[in-house]
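Welcome, and thanks for opening the viewer. Keep the selection panel handy, and we will go through the chains one stop at a time.

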Amino acid sequence: MSCLQTLSDYGLRSIGYGERLLPKADITLCEQFVLIGSGMIWNIYFAILALLLGFFLSTILALGKNSNFWLFSNFSRTFIFIFRGSPLFIQFFFAYELFVILPKLGVDLDLGFVTITLETRWFTKAWLGALIVLFFNTSAYAGEIFYGALRAVPSQDIESADAFGLTGIKKFKRIIWPTMLRLAWPSYTNEAIFMFHATTLVFFTGFPAWQQKGDAIYYASYFADKTFNPFVPYPIVGFYFILLTLVLIGLFSIINRQLNKHLPSQERKKLKINTHSLIR
Amino acid sequence: MFSYCADPKTLEGLIWLFCYITTVKHMSFYVSFLVVMGLITLAAPLAMAFGFAGAIACRSSIRLFRYLGKTYLAMIRGIPDIVFFLFIPIALDQAFEYLRHKVLCPEVTEAVRQGNDFVVCTAAKLPLSSASEWVHDFYGFSLALLAFGFVFGAFTGNVLLGAMSAVPKAQLETGEAFGFSPRQIFRRILLKQMWVYALPGLSNLWMILIKATPLLFLLGIEDIVYWAKELGGIKTGVYEYPHPDWRAWYFGVLLIFYLLLTYLSQLVFDKLTFRLSLGQATMAGKSN
């Protein structure tokens, strides 16, 4: 079987297209490469959606932690503490078991003009349940990063904004938020990278890989079990993730350049990967 | 365990609960918390050793060491740690068995890898199939420990390398001016000064290490996650203590356990940072 054939058979296997049965005997290098690459679709799906959604929630959480309003502040602090203080692995397990004991029937949401039936069984599926956990998790980590940056916004900037008569949302949107984002961006880049890494946990927790549609590491461990040779599939996963990390750094440094555009060159912050406190 | 627990079917309310949480299986659950603590206390020094070696290698004057060290420290940034946790125990196991196979059974000429099988002679098996249960457990735990040491060694190496380069150059130059040899400068000045710079990073790593311990479950070790799954599952009437699906509760307990552990560690580290920065030429040191 040629490698092109394998690509069309297994290229989209992880989302349910192509050959149904996974390769069992005489597993070729090409099959490992294609199937693990196919699994990367899930890693990318989880990470991108969680990061996009989390970007907004984390800004809200950072503002909450910084707020004087007791309820808002305490809620944000507790949220951040719970998700940063406990292992993501346990969060996945806990959330899955919670979703399982949710009432099996749909919950009707009456929005006045239309009634939506929330299918609670979807929560036990990885595409939604695990996504929610990852979304909350990245929001907490990024929320802490943004909070730190928010506290570091120079007071002169805020005073000038006041002097110009900017208030409320306008002040936040034009002055505080861009500076906060600029200060937080190097750390946020790291958070994004480790978010991608964290997606590898999903299918090792309660969330089942339905019809063997799993992520990259799910297929890698499948191959390692079948061939009893860990020296091929795991380096392949490593290769894909290094590639992904490089692409991600490229994208984030473009944004970084945009954020730092107005500064003299020696004050610009360079992106640098560090590993502080970002592994779950 | 207690005499009045002899017939669980007749018990009710709090006494039932008390008898339930003191069953033999629950005792194994509590012991597994100690396994987690044991892993943390053993993995931390091991990671320190790996990290120190990595950081030293990065600063070595021999190019090969420098490359090896840098690759080791950089690897962890690009590749998810789970890959290492899954890879290292199997890889080490196969490496050990392969070596033993070569040494102990030189007469066997067939290849070790035959298709999808990894075949070594019986004498080379690790642990020996005749070995008792605890040897198997111990071997599994040791491999897991090495995997943790390796992964966290890379993280620690990054922190230590950063701390070494954060020590003010002037201090090292002073050492040179006093006629210290490079080795003396390293041991008497760099090594003594770097800790205060390394502490924030190391305290973070400690937290990460705590939060990585449930991954023991992936390595097939009967840790707290294993027992939580085991004990929490539905127990039908054939069991002594029947109950519905309680796994969410058990994982809730684990969640609280970890939150407490990280919270307490944070308190300790705050104290330690305060102590170490006393008298240092830093902002924290001056303000005390």
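Predicted model: local features only at pLDDT ≥ 70, side-chain atom pairs only at ≥ 80, totals over all residues.

**Stop 1: chain B as a whole.** Following the sequence, the order is α-α-α-α-β-β-α-α-α-α-α-α. Chain B has a radius of gyration of 25 Å, well over the 19 Å given by the globule rule for 288 residues, so chain B is more spread out than a compact globule. Along the principal axes, its C-alpha atoms fill a box of roughly 80 × 65 × 30 Å. Now colour by burial: 28% of the 288 residues in chain B are buried. For contacts in chain B between residues at least 6 apart in sequence, 64% link residues at least 24 apart.

**Stop 2: helix 2 of chain B.** Next, show the side chains of its buried residues, among them B:F29, B:V36, B:L39, B:F50 and B:C58.

**Stop 3: where the chains meet.** Show both chains: 37 residues of chain A are in contact with 38 residues of chain B. On the chain A side, the elements giving two or more residues are helix 3 (70-85), helix 4 (88-101), helix 8 and helix 9. Helix 4 of chain A supplies the largest share, seven residues. Colour this side by class and you will get 21 nonpolar, 13 polar and three charged residues.

**Stop 4: the core around A:F92.** The largest nonpolar core has 125 residues, and A:F92, A:A220 and A:V237 touch the most other members. Centre on A:F92 and, beyond its neighbours within four places in sequence, look for contacts including A:A130, A:V133, A:L201 and A:F207.

**Stop 5: A:F228.** Finish in the loop between helix 8 (216-227) and helix 9 (233-259) of chain A, where A:F228 sits. Most residues other than glycine have a negative phi. A:F228, however, has a positive phi, near 55°. Is A:F228 buried or partly exposed? It counts as partly exposed because it has 15 C-beta neighbours inside 10 Å.

Key:
Residues numbered from 1 in each chain as written. Chains lettered and ligands numbered in written order. Core = buried A, V, L, I, M, F, W, Y, C linked by C-beta atoms within 7 Å. Buried ≥ 20, exposed ≤ 12 C-beta atoms within 10 Å, placed from the backbone. Contact = placed C-beta atoms within 7 Å. Helix = DSSP H or I, 4+ residues; strand = E, 2+ residues; numbered from the N terminus. Rg over C-alpha atoms; globule rule 2.2 N^0.38 Å. Nonpolar A, V, L, I, M, F, W, Y, C, P; charged D, E, K, R; others polar.
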